[in-house]
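Colleague: I have just opened this entry and would welcome a friendly tour. Could you walk me through it?

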Amino acid sequence: MSTPTVKEILRSIAAGETRARDWVEQSLRAIREIDGRLKAFLLVDEEQALAAADRIDRAKMYQNAPLRGVPYAAKDNIVTRGVRTTAASRILENYIPPYNATVIDKLQQAAAVMVGKTNMDEFAMGSSTETSAFQKTANPYGEDRVPGGSSGGSAAAVAAGLVPFALGSDTGGSIRQPAAFTGCFGLKPTYGRVSRYGLIAFASSLDQIGPFTRTAEDAALVLNAICGHDPLDSTSSRQPVPNFADGIDRGVKGVRVGIVRHLPEEGLEPGVKAAVDRAIQQLEAEGAEIVEIDLPHMEYAVATYYLIAPAEASSNLARYDGVRYGRRAEASSLIEMYERSRSEGFGMEVKRRIIIGTYALSSGYYDAYYKRAQQMRTLIRQDYERAFEFCDVIVTPTAPTTAFRLGEKLDNPLQMYLNDIYTIPANLAGLPGASVPCGFVDGLPVGLQLIGRPFDEATILRVAHAYEQVRDFAWPKPVLGVAE
Amino acid sequence: MKITDETVSHVAKLARLWLHPQELSQLVPQLNDILEYAAKLQSVSLDGVEPTSHPFHEVNVVRSDVPRESLSREEALRNAPDQDQGMVRVPAVLEGGGGA
């Protein structure tokens with residue numbers, strides 16, 4: 001792993017050894033070389049990126065900016081002023097946002113340089129990036145494998161060494177699962193930690209933006225730059241914001257690490273389980289105290305999520321009606337125009353979820369489906385509150401399997417959904433979660449998931465960082481990538 | 001309880017989606033699989049459990065009603081598929097009406 005980290009780039013620029021332009025050029029070169037086969041990017045804006053790098057290299061005001069000169073990529077559901085943003089959907093194929101998401105403004109202030117927008121499942125609905133209306137992204141560790149999803153383009157771009165960090169969004173695991181599948185570090189912050197202003201909404205009570213990086217420490221540096229209260233997002237939190245990089249190297253002595261008694265293990269591959277168990281042993285050897293905790297309602301999380309998320313999506317996606325922006329189909333009446341624009345503009349997975357959500361919310365089924373799911377959400381949240389009386393962080397596998405084959409689960413939506421079993425509960429409870437690479441099985445990466453208390457990303461990052469210092473598995477070179 | 005073609009067509013109509021017959025025949029069994037799986041929730045007693053609509057306790061947020069800069073009309077219309085005299089134009093609202 002010799003592709004530079006965010007930290008190394010910052011050090012090199014601060015020392016005057018390199019300039020922003022060097023790193024942006026390197027990133028653009030890597031994209032030109034690799035992305036024809038990887039297909040992680042939906043858009044690359046070389047001219048704008050180089051101009052931004054030059055501005056940063058010239059202007060004194062950026063000298064102490066926290067991410068000065070660091071190239072990055074943003075998932076294509078994060079709106080960028082003047083730069084096409086599609087959410088990988090035909091319905092937004094030509095949408096040029098008139099404003100920036102708050103995270104994009106914040107990264108600009110931090111003097112990071114956006115090089116492009118990454119592929120994803122359409123409207124972030126999927127676990128493999130295959131529901132994108134435009135292209136399928138490969139996994140850098142196996143060209144015939146999915147990169148995970150829905151933020152698969154961002155994960156693949158970081159894993160292949162095309163950018164040192166990328167932004168994704170996580171509604172049911174869409175940062176953590178692709179991080180696990182591609183051997184990246186991925187962090188979903190606490191709900192409300194990062195502003196959702198300008199994140200194209202999927203399920204508003206679950207969505208959260210977070211970084212993909214190579215290390216936990218890099219994720220801390222990016223989180224520092226993007227988090228905090230935003231008057232433009234009324235659900236963004238006023239909780240105090242620490243410096244997440246401070247104290248990250250304090251080690252795990254005395255940290256209580258919870259492992260789940262009776263973890264649902266249906267479909268859990270033995271190799272994944274072995275890698276996770278070994279990581280837990282290493283944390284214990286470093287001084288962590290391993291305690292068993294119960295999450296009795298975890299087995300209901302997938303069912304709960306696949307009612308709540310589609311219900312919210314059916315409401316959020318009602319705005320795509322062909323009127324003010326987005327695709328409009330020719331029609332002779334307004335209603336026909338709505339129906340045809342939406343039917344031509346949305347792909348099958350999006351239609352499937354709109355229909356499930358509309359059904360779960362419709363009169364006669366509301367109590368049986370949506371309301372019961374919300375009640376179960378309460379029990380899942382309470383499970384975590386109880387568990388965190390006994391531990392400081394909870395570890396599980398991030399996903400039950402390594403990256404599956406392209407096309408393998410595309411015709412079986414329920415099987416695809418079940419891949420999210422370990423990541424979904426944290427979204428339902430609003431908790432922060434991360435995935436840290438913990439091994440390889442048959443050449444494919446495995447992720448260890450860490451879940452923390454609300455607004456305690458610091459403990460997750462500290463435990464992940466401690467683990468990164470002692471992990472000792474062999475890290476193969478990606479098949480597609482400049483990383484070594 | 002199995003859902004039928006008729007139910008799915010009706011729900012699609014509510015959601016302003018038009019489904020191709022082929023899409024419908026693909027969707028119905030998939031939706032039945034998903035709803036059958038979701039029926040797990042029917043087997044648990046949830047009497048008296050408060051529903052959660054949001055992960056944390058939230059209160060309404062208001063701001064003072066002071067005018068501030070916003071998108072210009074031109075910018076706001078830039079993505080509009082059709083416009084006329086600074087407004088978004090849509091097909092006739094009333095069926096059969098040409099000039100409504």
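Predicted model: local features only at pLDDT ≥ 70, side-chain atom pairs only at ≥ 80, totals over all residues.

Colleague: Which residue in the turn of the hairpin of β10(A) and β11(A) has a positive phi?

Modeller: The two strands form a hairpin with two residues between them. In that turn, a positive phi of about 50° belongs to Asp442(A).

Colleague: What is the bridge partner of Ser435(A) in β11(A)?

Modeller: β11(A) has partners to look at in two strands. Thr396(A) stands opposite Gln449(A) in β11(A). For Ser435(A), the bridge partner in β11(A) is likewise Gln449(A).

Colleague: How many bridges join β9(A) to β11(A)?

Modeller: Strand β11 (residues 444-452) of chain A runs antiparallel to β9(A).

Colleague: In which sense do β7(A) and β9(A) pair, parallel or antiparallel?

Modeller: Strand β7 covers residues 256-261 of chain A, and three bridges link it with β9(A). Within this pairing, Val257(A) stands opposite Val393(A) in β9(A). The sense of the pairing is parallel.

Colleague: How many residues of β9(A) are buried, and how many of β11(A)?

Modeller: Strand β9 spans residues 393-397 of chain A, and it is largely enclosed by the rest of the structure because five of its five residues are buried.

Colleague: Let us turn to the helices. How far apart are the end C-alpha atoms of α9(A)?

Modeller: Helix α9 (residues 301-316) of chain A has 16 residues, and 14 of them are buried, so the helix is largely enclosed by the rest of the structure. At 1.5 Å a residue, the helix should span 22 Å. The distance between its end C-alpha atoms agrees with this, at 22 Å.

Colleague: Within what arc do the buried residues of α1(A) fall?

Modeller: Helix α1 (residues 6-14) of chain A has the buried residues Val6(A), Ile9(A), Leu10(A) and Ile13(A). Seen down the helix axis, they line one face of α1(A), because they fall within an arc of 100°.

Colleague: What covers those buried residues, and which residue with a positive phi follows α1(A)?

Modeller: The cover over the buried residues of α1(A) includes α2 (20-38), β4 (165-169), β6 (209-213) and α7 (216-226) of chain A. After the helix comes a residue with a positive phi, near 80°, and that is Gly16(A).

Colleague: Which residue with a positive phi follows α4(A)?

Modeller: Helix α4 covers residues 102-109 of chain A, and its buried residues include Thr102(A), Val103(A) and Ile104(A). Among the elements that cover the buried residues of α4(A) are β2 (71-75), β4, β6 and α7 of chain A. The helix is followed by a residue with phi near 70°, Ala111(A).

Colleague: Stepping back, what is the radius of gyration of chain A?

Modeller: Chain A has 15 helices and eleven strands. For its 484 residues the globule rule gives 23 Å, and the chain comes close to that, so it is as compact as a globular protein of that length. Its radius of gyration is 21 Å.

Colleague: And what is the radius of gyration of chain B?

Modeller: From the N terminus on, the elements of chain B run α-α-α-β-β. The globule rule gives 13 Å for 100 residues, and chain B is well over this, so it is more spread out than a compact globule. Of those 100 residues, 14% count as buried. The radius of gyration of chain B is 23 Å.

Colleague: Last one: which helix gives the most to the side of chain B that touches chain A?

Modeller: In the contact between the chains, 44 residues of chain B meet 54 residues of chain A. α1 (5-14), α2 (21-38) and α3 (73-77) of chain B each supply at least two residues of that side of chain B. By class, this side has 29 nonpolar, five polar and ten charged residues. With eight residues, the element that gives the most is α2(B).

Methods. Residues numbered from 1 in each chain as written. Chains lettered and ligands numbered in written order. Buried ≥ 20, exposed ≤ 12 C-beta atoms within 10 Å, placed from the backbone. Helix = DSSP H or I, 4+ residues; strand = E, 2+ residues; numbered from the N terminus. Pairing = 2+ DSSP bridges. Contact = placed C-beta atoms within 7 Å. Nonpolar A, V, L, I, M, F, W, Y, C, P; charged D, E, K, R; others polar. Expected span 1.5 Å × (residues − 1). Arc of directions from axis to C-beta. Rg over C-alpha atoms; globule rule 2.2 N^0.38 Å.
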